[in-house]
Amino acid sequence: MSANVVLSKLATNKQYAENLPYVEGMKAYDNNPFHPVKNPNGVILMNLADNQLSVDLIKEYLTKKNLQISIEIFRKLANFQDYHGLPEYTEAIAKYMEETRGGKVKFDPKRVVMSAEANGAKQTLISCLADPGDALLVPAPFYPGFAKDIRWGTNVQLVPISCKSSNNFKITIEAIKETFEKVQEEKIKVKGMILSNPSNPLGTILDRDTLKKILTFTNEHNIHLVCDEIYAGTVFDAPQFVSIAEIMDEISCVNKKLVHIVSSVSKEVGFPGFQVEIVYSFNDDVVNCARKCQVSVLFPL
C-alpha cells in the first residue's frame with residue numbers, strides 16, 4: 001500500500017482561483033465564444049479588458065522605424081541578465097510612471113520592481129507586508145481578481161469595506177473605521193488597506209481629499225496602504241487622476257515606508273498579453289525583499 005502524499009496547505013486548500021465566478025465566465029466564453037454570424041447565441045465576454053488599440057502602432061515601430069534597434073535589443077537579451085531587470089527598462093518605467101501622473105511626482109528607478117504578471121507582483125508585495133491569516137481592508141465592490149492575485153498565494157484575508165451606491169460608492173472614513181474596528185474585535189490583525197484607483201470595476205477616481213483622509217488613517221494606525229494605479233494613464237481630463245505619490249508630498253510627517261504602488265503597462269499601452277506589472281515601494285526593506293522573491297521582467301519596451 002502506497003503512503004499518502006503529503007502536500008502543503010497551499011496545495012490542498014479549497015479556495016482555488018479557478019472556482020471564482022470571474023474565472024468561470026472566461027471558461028464559458030472559451031467553450032462557446034460569440035460570433036455575429038457563426039455563433040450568434042454564444043457567450044459575450046464582458047469581464048476582461050483587452051486593449052488592442054496600439055497593436056498597429058507597435059508593429060510599425062518595430063518593423064519599419066526601429067528594426068535595427070529591435071535586433072540589438074534581442075542580442076542583448078540573449079545573454080544572462082541581472083534579475084533586477086535591465087537598467088534601461090526600470091529607468092523607462094520610472095519615466096513612464098511620471099508621465100502618466102502628469103509630471104507632478106518623480107519616481108526612482110531603483111525602487112521599481114518588475115514582475116512577469118499581476119499575480120506574481122501583488123503576491124510578492126503582500127507577502128512582504130503581511131503574514132498568513134492577517135487581513136487587508138479593501139473597498140467594495142472590488143476587482144474580483146484580487147482573490148486570485150492576492151489571497152491565493154499569501155493566505156491573507158481580504159475584508160470588504162462597505163461602500164454604498166447612494167453616494168456613487170464613495171469610500172468614507174466612517175466605513176473604514178467601522179470595518180477596521182470590527183476586524184480587530186475578531187482578533188484578526190489588520191496589516192493594511194488596498195485601493196484600486198482609478199477603480200476597477202467602477203471606473204471612478206478618488207479625489208484628493210479622500211486620499212488624504214485615507215493616508216492619514218493608515219499612517220495613524222501604522223498599517224500599510226497599497227494603491228493599485230494600473231489605470232492611471234487611461235483617465236480623462238475631468239475628474240483628474242491624483243496619485244498617492246502626489247498626496248504624500250502634501251501631508252506633513254507622513255511615514256512613506258507604509259506606502260506602496262502597483263502599476264502596469266499592459267492596460268494603458270495595450271500589452272495585455274505581456275502581463276507586465278510594477279511594484280513601487282517607498283520602503284527599502286520591501287524593495288530588497290521583493291527583488292529577492294520576484295522573477296523580474298528583463299526586456300525593455
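Student: Let's begin with S196: is S196 buried or exposed?
Tutor: Before that, a word on the source: this is a predicted model, where local features need pLDDT of at least 70, side-chain atom pairs count only at pLDDT 80 or more, and totals for chains, interfaces and linings use all residues. Residues are numbered from 1 along each chain as its sequence is written, and side-chain values use heavy atoms, with hydrogens and water left out. Now, buried means under 20% relative accessible area, exposed over 50%, and partly exposed in between (1.4 Å probe, protein chains only). S196 has a relative accessible area of 19%, so S196 is buried.

Student: Where is S196 placed?
Tutor: Helices (H or I, at least four residues) and strands (E, at least two) are DSSP runs, numbered from the N terminus. On that numbering, the place of S196 is in strand 4.

Student: Which backbone nitrogen lies 3.1 Å from a polar atom of the S196 side chain?
Tutor: Think of polar contacts: pairs of N or O atoms within 3.5 Å, where within protein one must be able to donate a hydrogen and the other to accept it, and residues adjacent in sequence count only if both atoms are side-chain atoms. The S196 side chain reaches the backbone oxygen of P198 at 3.3 Å. The backbone nitrogen at 3.1 Å belongs to N200.

Student: What is the omega of the peptide bond from N200 to P201?
Tutor: P201 lies in the loop between strand 4 and helix 9. The bond from N200 to P201 is cis, with omega near 25°.

Student: And what about omega for the bond that joins A140 and P141?
Tutor: P141 sits in the loop between strand 2 (135-140) and helix 7 (146-154). A cis peptide bond joins A140 and P141, and its omega is about 5°.

Student: How many salt bridges does the structure hold?
Tutor: Side chains of opposite charge can pair when their charged atoms come close. A salt bridge here is a side-chain nitrogen of Lys or Arg within 4 Å of a carboxyl oxygen of Asp or Glu. The number of salt bridges in the structure is 13.

Student: How many residues apart in sequence are the parts that D207 and K170 tie together?
Tutor: The side chains of D207 and K170 meet in a salt bridge, 3.5 Å from N to O. D207 lies in the loop between strand 4 (190-196) and helix 9 (208-220), and K170 in the loop between strand 3 (157-162) and helix 8 (173-185), so the parts tied together are 37 residues apart.

Student: Which residues are joined into one network with E246?
Tutor: E246 and R208 meet in a salt bridge, 3.3 Å from N to O. This pair links distant parts of the chain, with E246 in helix 10 (residues 244-248) and R208 in helix 9, 38 residues apart. Salt bridges that share partners join E246 into one network with R208, K212 and E250.

Student: Which residue has a positive phi of about 55° although it is not a glycine?
Tutor: Look in the loop between helix 9 and strand 5 (224-228), which is the place of N222. At 55% relative accessibility, N222 counts as exposed. The residue with that positive phi is N222.

Student: How many residues of strand 7 are buried?
Tutor: In a regular strand the side chains alternate between the two faces of the sheet. In strand 7 both faces are covered, with E277, V279 and S281 buried on one side and I278 and Y280 on the other. For strand 7 (residues 277-281), the buried count is five of five.

Student: Over how many bridges do strand 6 and strand 7 pair?
Tutor: Two strands pair if DSSP finds at least two bridges between them. Strand 6 (residues 259-264) and strand 7 pair in the antiparallel sense, and the number of bridges is five.
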